[in-house]
Amino acid sequence: MSTPQEELQGRARQLLESGEVALVIGYGQGNTPEKTTPVFLTDAAQVDQLVLNPFCRNNLAAWLTRKDLKAKHDTIAIVAKEPDIRAVIVLVQETQVDPATVRILGVRIDEPGNPDSPVAVLPQTTLDELQQYLQADFQPRDMTPEQLNDVDQFEKLSPAERWAFWRRQFDRCIRCYACRQACPMCYCDSCIAQMNQPQWIDTSAHPLGNFSWNIARAFHLAGRCIDCGECERVCPVDIPLMRLNRFLARHIADKFDYKAGYDVEAYQPFASYKCDDNEDFIL
Ligand code: SF4
Ligand code: SF4
C-alpha cells in the first residue's frame with residue numbers, strides 16, 4: 001500500500017506526464033527535518049522531490065498570482081492544504097486565478113507542525129468537489145476553542161486597552177513584509193506601504209508608519225483572510241497578527257454571515273452591496 005506521499009507523487013507524475021499541467025508547485029525537503037520548502041517541478045522525473053509531512057506549512061496558493069510563473073506556464077497544479085484551497089477559492093472569486101488553468105492536489109494535515117500528525121491526500125480532484133468537501137462542515141463563526149477564547153478575551157478589553165495593546169505590538173514591527181509575502185491574499189503589484197509617490201504610509205520602521213501599515217493590511221484582509229495563519233507564523237518578531245485577523249473575521253461573520261474561502265460564487269461583503277446592509281456605522 002502506498003503512503004500519502006507516494007500517492008501525491010503519483011498524482012503529480014500523472015499530471016505532468018499527460019501534459020495536463022506544465023508546472024507542479026509542491027513541498028520539498030528543507031535544510032532540516034522540520035522544514036520544507038516550495039519546489040517547482042516541470043518534469044515527471046522530478047516528482048520524487050515532493051514531500052508530504054506535518055511540516056508542509058507554506059500556503060502555496062501565494063504563488064498562483066505570480067506573473068512570472070503565469071507567463072511561463074499556462075497550467076499549474078499546486079499542493080494545497082484546506083486553508084490553501086480556501087485561498088484558491090478567494091483568488092478565483094477575485095478573478096486573480098482562472099480555474100481552468102489550475103489543478104489542486106488537495107491534502108490534509110491534521111496538526112501542522114506536530115511530527116506525529118496524520119497526513120492524507122484528499123480524494124476530491126476538482127475545485128467544485130473540493131469546495132463541497134470544505135462546505136461539509138462550514139460554520140460561519142467556527143473557530144477552535146482556544147481561538148474563540150483568545151478573541152473573546154480580547155473583545156472584553158476596552159477600546160483604550162486594545163489601542164494600547166496594538167500600539168505596543170506594532171511598535172516592534174521591523175517592516176520586513178514577510179507577512180505580506182507569505183499571504184496569498186496580498187497580491188498587489190505595488191503595495192501601498194512601500195509607495196513614496198504619493199506616500200500614504202511612512203515607509204521606515206517607525207511607530208506611526210508601523211501602525212498605519214499593520215492596520216491597513218488587516219482592513220484590506222477583512223472578509224478575505226482565509227485563516228491560514230502564515231502571516232503570524234513567518235513574523236520574525238512574533239506579533240500576534242491572527243488575533244487581529246480573527247477579531248475581524250468574527251465581526252464579518254456576525255454582520256454579514258460570511259466566511260472567506262467557501263463559495264466561489266459568493267459576493268464578498270466589501271465588494272458587494274445589499275439594500276438592507278447596515279449603514280449605522282457610517283453616520
Ligand atoms: S492574512 Fe494571514 S491568515 Fe489571512 S490569508 Fe493572509 S497569511 Fe493567511
Ligand atoms: S512580518 Fe511582522 S515584522 Fe515583518 S512586516 Fe509583518 S508584522 Fe512587521
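The model is predicted.

**The whole chain**

Keep everything selected and turn the view. Along its principal axes, the C-alpha trace spans about 60 × 40 × 40 Å. Now think about contacts between residues at least 6 apart in sequence: 66% of them join residues at least 24 apart.

**Two domains**

Colour residues 4-135 as domain 1 and residues 145-278 as domain 2. Their centres, taken over C-alpha atoms, are separated by 25 Å. Where the two domains touch, domain 1 gives 20 residues and domain 2 gives 18 residues.

Select helix 3 (82-93) and helix 4 (127-135) next. Each supplies at least two residues of the side of domain 1 that touches domain 2. Which helix gives the largest share of that side? Helix 3 does, with nine residues. By type, this side of domain 1 has 10 nonpolar, seven polar and three charged residues.

Move to Thr-95, in the loop between helix 3 and strand 4 (102-109). Most residues other than glycine have a negative phi. Thr-95 is not a glycine, yet its phi is positive, about 55°. Is Thr-95 buried or exposed? It is exposed, because 7 other C-beta atoms lie within 10 Å.

Leu-241 counts as buried because 25 other C-beta atoms lie within 10 Å. Leaving aside neighbours within four places in sequence, Leu-241 is in contact with Cys-179, Cys-231, Glu-232 and Cys-235. Draw a distance from Leu-241 to Phe-170: their C-alpha atoms are 9.7 Å apart, while 71 residues separate them along the chain.

**Helix 6 and helix 8**

Phe-170 takes you to helix 6, where Arg-167, Phe-170 and Asp-171 meet Pro-207, Asn-210, Phe-211 and Asn-214 in helix 8. Select residues 159-171 for helix 6 and 207-221 for helix 8. Their axes come within 9 Å and cross at roughly 110°. Helix 6 is therefore roughly perpendicular to helix 8. The contact has three nonpolar, two polar and two charged residues.

**Two loops to finish**

Follow the chain on to Arg-175, in the loop between helix 6 and helix 7. Arg-175 has a positive phi of about 55°, though it is not a glycine. With 17 C-beta neighbours inside 10 Å, Arg-175 counts as partly exposed.

Last stop: Pro-198, in the loop between helix 7 (178-182) and helix 8. Most peptide bonds are trans. What kind of peptide bond joins Gln-197 and Pro-198? It is cis, with omega about 0°.

Notes: Residues are numbered from 1 along each chain as its sequence is written. Chains are lettered from A and ligands numbered from 1 in the order in which they are written. This is a predicted model: local features need pLDDT of at least 70, side-chain atom pairs count only at pLDDT 80 or more; totals for chains, interfaces and linings use all residues. Domain bounds come from an automatic or database domain assignment. Two residues are in contact if their C-beta atoms, placed from the backbone, lie within 7 Å. Helices (H or I, at least four residues) and strands (E, at least two) are DSSP runs, numbered from the N terminus. Ala, Val, Leu, Ile, Met, Phe, Trp, Tyr, Cys and Pro count as nonpolar, Asp, Glu, Lys and Arg as charged, and the others, Gly among them, as polar. Axes are lines fitted to C-alpha atoms, for helices over the stretch in contact, and angles run from 0 to 180 degrees between N-to-C directions. Angles under 35 degrees count as roughly parallel, over 145 as roughly antiparallel, 65 to 115 as roughly perpendicular and the rest as oblique. A residue is buried if 20 or more other C-beta atoms lie within 10 Å of its own, exposed if 12 or fewer, and partly exposed in between; C-beta atoms are placed from the backbone.
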